[in-house]
Amino acid sequence: MFKKTNKSTDSEAPFFLTLDGKRVSTSPTSSEDITFPLNSGDAHISENADPKAIGTRLKKQLEVISALVKDVHEKINKNPLDTKFIQDSLKEILRSVEQFMNLQKVAQNFELSDEIDEIGVGLWNSSIALKTISDSRGTDELIPLFRQVGFAMIRAGVSEDPEKKSTVKLLALASKVGKAWLDCGRSDQADDVLRSANEIEDSVLSLQDGTAKEQHSKAAALLVYYAYRAEAAWKLANVHVANLMFQHATDKNYLEYVTTKEIDILCQVCFTVGNQASREGKTNDAIKWLRKCHELLTDGTPVSNSERTKLLTNTLNILANCYLKNIVYDESNLDLAENAVNLCLEENPGNALATLLKLKIMKQKNFIPIQFEGVYFPFIRNSQVTKENLKILLNITHFISEINVMTALRGIDILIEEKLADMRNVSYIEKAIISKFHMLESGNSINLEINDIICSIEVTLGFEQRHGIVISHRTRIACQLILWQNGDRNYSNQDYERAKKWYLMAYKWLSSTKNRNAAILQRKIALCCLEDDALSDAIEAVHKAQLHEDNSSANFYILYHIAMEKRQNDQAIRYLSNMCNGNGFNGNMLAMAAHEAYKKGNKEILIETLQEILKKHKNGEDIANINISVLIRCLIRMTHNSLSSNAEKNSLKECICNYFEIASTLNDTTIKDVNETGIFQSKKAPLNDFEWFFKTAWNIALGFCHQSDNGSDLYAVRLIEISHKKEILEQVLDKVEQYKKIKVSSKRKFENIENDGQSSQKDLMLVLLFEYEAKVKLGLWDKLQSVINTTEAFDFEIPSKIFERMVELLINESDCPSTIIISTLQILLNSIMKHKQADIEQFSRWFRMLIITAMLKNKQSAAQYYVQVLDILNQECTKGKYPPDEIQWLMVNAWNCGIDYYSSANDFVQAKKWCETAINFCQYINNGMLYKEEMRKSYNEIIKNYDASIVEV
């Protein structure tokens, strides 16, 4: 088909272009969706085949192609565009074209070349028509697809020995197909198509030099081909291939003959690659490609048209930006960046991006502020405002604000007043105004003189009146929000004077003062005045807020604060009441009011505030983040502390009793609390709160009795009745049972709590104590052992202090059977000794209690415990650890018991037993031998009488 060059066998194999741009050899291979083998069964021709039969087959194949192309043309003109059908048809056309080409090459029959060429040209022209169809119809990839199929048909229409002109045109067409794929973002397809045209490339390269026109055509085709191959390879990260193709494209033998059109194509490729490299952070590669673009644009050729000027300035801007990025590696890049920017400004003095880069370079070189003004102000005055460069203009003003905010504000005022106002483009004006206000949020604005800022903002406030241009409500709200936030920021930094001025500016910027925001801003101003002790100004601001929002709880809240500052308790209490009954009341206001009274140490106001909270709670209103039981505790403490300094003791005692009665009903009161998801959920008052109330009620009642003249007090009686209500104790047991049911329903049974964690263990032990104490107070002695038995099912070790608390409860109850006390003491002692490092001192104290309790009940049964303690003293782990005083007490107690039996009961057997037990303790104490000798004297007498009693028997 084309003149062959000396290449490897793989390159000599015939190939065709597939729909996805792959190059496929004629050898039979498996193919993917749109990769078609050339040597199909239909294309096989024997050596003796009839030429006439071959011609008939070619005609039939051409008829198939023509019919398919006709269907495609019909579908193009229909709306909506059937993209799927067209793509499938093009695939089928491509298969048929490849079969047609195979028949041609094998049979060397090119009689139908003109016909298929004509069809291919028509299909190619259809791709041009597709450009007029909007992208929304999915034509992006159809255009290159049409061109690829059209190119294959035109290539099939080329004779075996094509003319020079045809070969060059084929290469140009291949380049256009590649460019079409690049334009729709399919670099992979472009690369495949262009690489598959290497035989055409070889044919063009082998053409002998002819006329100047022929040399131009050849050079232009090759330069464009290499340029697009370079772009496709770069986008596929084939950097070496891209560099090689670029070297070919910039060969002097080509550059001599091409025109500005081809140079511009090459420049555009260089710019595209350089720009992509810059975006990907490949700064050095970007610099190389962009510099070459600049060289090609300015190499002896004047930049005469606007398109080339735009390409040149864009190239220089990106090049300068790349140099700036490379300053961290080499400071000399700063000068290179400056040179690039200066060249750009020579071409286009009003270029906004170049000006921004110039200012950045000046900042890098530490220019003084007045030098920035020399560039900034003239540029703002002389720049042309367009939709494209307005954003850059505003970026420039923001960049200047990093250097000096007031300079930036003056510049943007020039832009608004002298440029945008004349254009009367409201959208541009509003963008500039919002941009100006955003400058006020910068960190540099914090140190500015606030009065200078006020003057600048007032200039903008009067813009509408001066120019008769109405600023939209949305823009006003945005600006007001910025001013508002600046006030909040200064308030949080405790710069209240500055915050007040920001709030005042935000108030002035309101489009209408008849709204709630006006009231909020005046209240914020009042709070600033309050913080600065300007109480009269604060009152004035609140009165203004009342004009916008009458009977507002928030207004009364601030007045409450002011009255607190003035120590006017009566007014504060009145404002507190007004706040609770005002519009927009929120429970948090009461909580904050209470906190303020607490900080001021104003007990009278604090009590009033807490009483208001309690009143709201009793009325069923929710006060968020307030624990009612804690609140009642505070009221009880403060009221009780006031008794000593207040003449109206009975009224205070009445209040205390009322508080305790309210607390006693908390068990039946559902408390609403907010969970982590922000949803209200019900929960009951904790049991440990009731324990505090009951104990405190008892202690206060005793105090009332001590303070009375006759040792009796009616209020004490009320408190004792509250603390010992049988109903309350029964309610506690009811709560315990409810807790157990909840544990069972949530599959957290007492029998298996290993995954409950420490918090669950604490809950179980706390509930266990509550149940035990309630049953002790109710005298349910027969049910106490079942509570203790529950602990045996626990998979964790119960701390000894739990059993200590149980024993303490039993000891304080005179009606408690001694057997219950003894059994509980034994459990406590066993619990102590279970620990790896048992507390022997703790054990000894409670063992003494066991001995005392047991001997009060039955001395003979107590003897077994002495045997147990002697065994413990003999153990290695306790040697030297048991307190000597406790051993001596055991010894003396046992000896005295034996003497009692001897002298009082004449029970010589028991006397001998107890005295021997006492003597056994002597070996464990200091000076034990001395005690033993003294004891032996009396013991010998007991033995004589003991022996005599035996003889008598």
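Guide: Start with accessibility: buried means under 20% relative accessible area, exposed means over 50%, and partly exposed lies in between (1.4 Å probe, protein chains only). The model is predicted, so to speak of local features requires pLDDT of at least 70, side-chain atom pairs count only at pLDDT 80 or more, and totals for chains, interfaces and linings use all residues. Residues are numbered from 1 along each chain as its sequence is written, and side-chain values use heavy atoms, with hydrogens and water left out.

Now the loop. A237 is found between α9 (212-235) and α10. Helices here are DSSP runs of H or I with at least four residues, strands are runs of E with at least two, and both are numbered from the N terminus. Phi of A237 is near 70°. That is a positive value in a residue other than glycine. A237 has 54% relative accessibility, so the residue counts as exposed.

Follow the chain into helix α10, which spans residues 239-249. There, F246 forms an aromatic pair with W289. Ring centres of Phe, Tyr and Trp (its six-membered ring) must lie within 6.5 Å to pair; planes under 30 degrees apart count as stacked, over 60 as edge-to-face, and the rest as tilted. The centres of F246 and W289 are 4.8 Å apart, with 55° between the planes, and the pair is tilted. W289 belongs to helix α13 (residues 283-298). The two partners are 43 residues apart, so this pair links distant parts of the chain. What is the accessibility of F246 and of W289? F246 is at 14% relative accessible area. W289 is at 1%. F246 is therefore buried, and W289 is buried as well.

Eleven aromatic pairs occur in the structure.

A charge sits over a ring if NZ of Lys or CZ of Arg is within 6 Å of the ring centre and within 35 degrees of the ring normal. The charged end of R476 is over the W509 ring, 5.2 Å from the centre. K859 lies over the face of Y901, at 6.0 Å from the ring centre.

D533 is not a glycine, yet its phi is positive, about 60°. Its relative accessibility is 58%, which means that D533 counts as exposed.

Next, a helix pair. Helix α18 (residues 390-403) packs against helix α19 (residues 405-423) at an angle of about 155°, with the axes 6 Å apart. That makes α18 roughly antiparallel to α19. Axes are lines fitted to C-alpha atoms, for helices over the stretch in contact, and angles run from 0 to 180 degrees between N-to-C directions. Under 35 degrees counts as roughly parallel, over 145 as roughly antiparallel, 65 to 115 as roughly perpendicular, and the rest as oblique.

On the α18 side, the contact includes L393, L394, T397, I400, S401 and I403. On the α19 side are V405, T407, A408, I412 and L415. Contact means heavy atoms within 4.5 Å. These residues divide into eight nonpolar, three polar and no charged. Ala, Val, Leu, Ile, Met, Phe, Trp, Tyr, Cys and Pro count as nonpolar, Asp, Glu, Lys and Arg as charged, and the others, Gly among them, as polar.

S456 sits in helix α21 (residues 450-461). It is buried at 7% relative accessibility. Leaving out residues up to four places away in sequence, S456 touches L409, D413 and K436.

F556 is in helix α27 (residues 553-565). At 11% relative accessibility, F556 is buried. Its C-alpha is 8.8 Å from that of S577, 21 residues away along the chain. Beyond four places in sequence, F556 touches Q546, N551, Y575, N578 and M579.

Q826 is placed in helix α39 (residues 818-834). With 28% relative accessibility, Q826 counts as partly exposed. Q826 and W846 are 9.1 Å apart, C-alpha to C-alpha, and 20 residues apart in sequence. Apart from neighbours within four places, Q826 is in contact with L850 and Y865.

Finally, the whole protein. It has 44 helices and four strands. Of its 953 residues, 47% count as buried. Among contacts with a separation of 6 or more, 66% come from residues 24 or more positions apart.
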